[in-house]
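Subject: Structure handover

Hello,

Here is the structure you asked to have passed on. My notes on what was found follow below it.

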Amino acid sequence: MSRYAVDPLTALQAKEQAQKLAFAPIAFQAAQSLRELGILAVLDDAGPTGLSAQQIAERSGVSEYGAKVLLDMGLSALVVTQDGDNYVLARLGHFLLHDAMTRVNMDFTADVCYRAMSHLTETIRSGRPEGLREFGDWPTIYEGLSRLPEKARKSWFDFDHFYSDKAFPELLQQIFAERPKTIVDIGGNTGKWSLQCCAHDEDVHMTIVDLPRQLALALDNAREHGFEARIHGHPMNVLDDSQPLPGEADIWWMSQYLDCFSPMEILRILRRIRAAMRPDASVYILELFWDRQHFEAAAYSLNATSLYFTCLANGNSRFYHSKDMLDIVEEAGFVVAEQVDDIGLGHTLLRLRAG
């Protein structure tokens, strides 16, 4: 992309940024502590006049030493400002406290990714998700999702759902314009998309394809919402060629799913679907492509999250550049009938037909 074609920093700026990067993990932890210890909330309540370190300590229940050492790092990280002896919540601190996207991203980084990232170099060398050992002895994180510690599991699902859920209203209109009666939801996770479809259309039947342990959770959710007659399960590992895909469907659906696989694995999955689907069926892929984002922060976030896939998920997947995915789609025997960008918080929807 053109914004990456020129180095934007002078030598002095580059050296300053290098020091910030060198201490970035400490700044992150300081910001997390300022939020979790209630210091940002105390400053928020105080308004533009702010409070002294002693007052903040008294109102937050943190020692004056603890409050001040965190607040001084907060000054350097632009989380707070200082007016005389008083600390004041800065705009950045406001977003750390109040912005839902920022909270979801920080919790995901802190509870899921942080310790695992110390294994990143080892992961790159081995091609295996070495950081996953921080949680359990599984080949990929997907086998262990239901067994993650409660805090990490909640942050994982909150992160996953935050971005997909924002896209649901527009997606439902798009998908049901075809008036499908049967949809195969591959990698259905907790079943949120299938639940949305059943609530939207009283005639549609869904089949969720996922690993057995994850599928059990999705089917529990279907029963809880009264859709057990219309949401069916098909337990399988899509990379196991000995396990057949479910029967015919009007629509084959994959939401934030293919980014969980390497390019060759994506090709295998798409070829399997191509062989199993009816000639008149549609295949929908909903993905986040880092090159299709309008804002630098969005591309930054996606490229950072790709390293979660590297270090924790399976060691060989990522959020892709759109051209890379489109090349795989073509090689698998599909043509792109429609591409819609800017859905929700930056998703792209691809509608495929058999070529």
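Strand 8 and strand 10 (residues 347–354) pair in the antiparallel sense over 6 bridges; two strands count as paired if DSSP finds at least two bridges between them, and helices (H or I, at least four residues) and strands (E, at least two) are DSSP runs, numbered from the N terminus.

Before going further: this is a predicted model, in which local features need pLDDT of at least 70 and side-chain atom pairs count only at pLDDT 80 or more, while totals for chains, interfaces and linings use all residues. Residues are numbered from 1 along each chain as its sequence is written, and side-chain values use heavy atoms, leaving out hydrogens and water.

Strand 8 also pairs with strand 7 (residues 251–255), this time in parallel, through 5 bridges. Ile251 is placed opposite Ser282 of strand 8. Between strand 7 and strand 8 the chain passes through helix 13 (residues 263–276), and this β-α-β crossover is right-handed (with the strands pointing away from the viewer, the path from the first strand over the helix to the second runs clockwise).

How many of the residues of strand 8 are buried? In strand 8 (residues 282–288), 7 of 7 are, where buried means under 20% relative accessible area, exposed over 50% and partly exposed in between (1.4 Å probe, protein chains only). In a regular strand the side chains alternate between the two faces of the sheet. Here Ser282, Tyr284, Leu286 and Leu288 point one way, and Val283, Ile285 and Glu287 point the other way.

The largest nonpolar core has 57 residues, and those touching the most other members are Trp252, Met254, Leu270 and Tyr308. A nonpolar core is a set of buried Ala, Val, Leu, Ile, Met, Phe, Trp, Tyr and Cys residues joined through side-chain atoms within 4.5 Å. A separate core of 27 residues includes Ala167, Cys197, Ile208 and Ile251.

Tyr308 is buried, because its relative accessibility is 3%. Setting aside residues up to four places away in sequence, Tyr308 touches Phe108, Val112, Cys113, Met117, Ile141, Tyr142, Trp156 and Ala313 (contact means heavy atoms within 4.5 Å).

The whole structure holds 13 aromatic pairs. Rings of Phe, Tyr and Trp (its six-membered ring) pair if their centres lie within 6.5 Å; planes under 30 degrees apart count as stacked, over 60 as edge-to-face and the rest as tilted. Tyr257 and Phe261 are an edge-to-face pair because their planes stand at 65°, with the ring centres 5.0 Å apart. Tyr257 is buried at 11% relative accessibility, as is Phe261 at 10%. Tyr308 and Phe309 form a tilted pair, 5.0 Å centre to centre with 55° between the planes. Phe309 is buried, at 5% relative accessibility.

Ring pairs also link Phe108, Phe159, Phe162, Tyr163, Tyr308, Phe309 and Phe319 into a cluster. Over the ring of Phe162 sits the charged end of Lys166, 3.9 Å from the ring centre; the criterion is NZ of Lys or CZ of Arg within 6 Å of the ring centre and within 35 degrees of the ring normal.

There is also an open sheet of 3 strands, in the order 1-3-2, with antiparallel pairing. Strand 1 (51–52) and strand 2 (80–83) are its edge strands. Strand 1 is joined to strand 3 (residues 86–89) by 2 bridges, and Ser52 has Asn86 as its bridge partner in strand 3.

Regards
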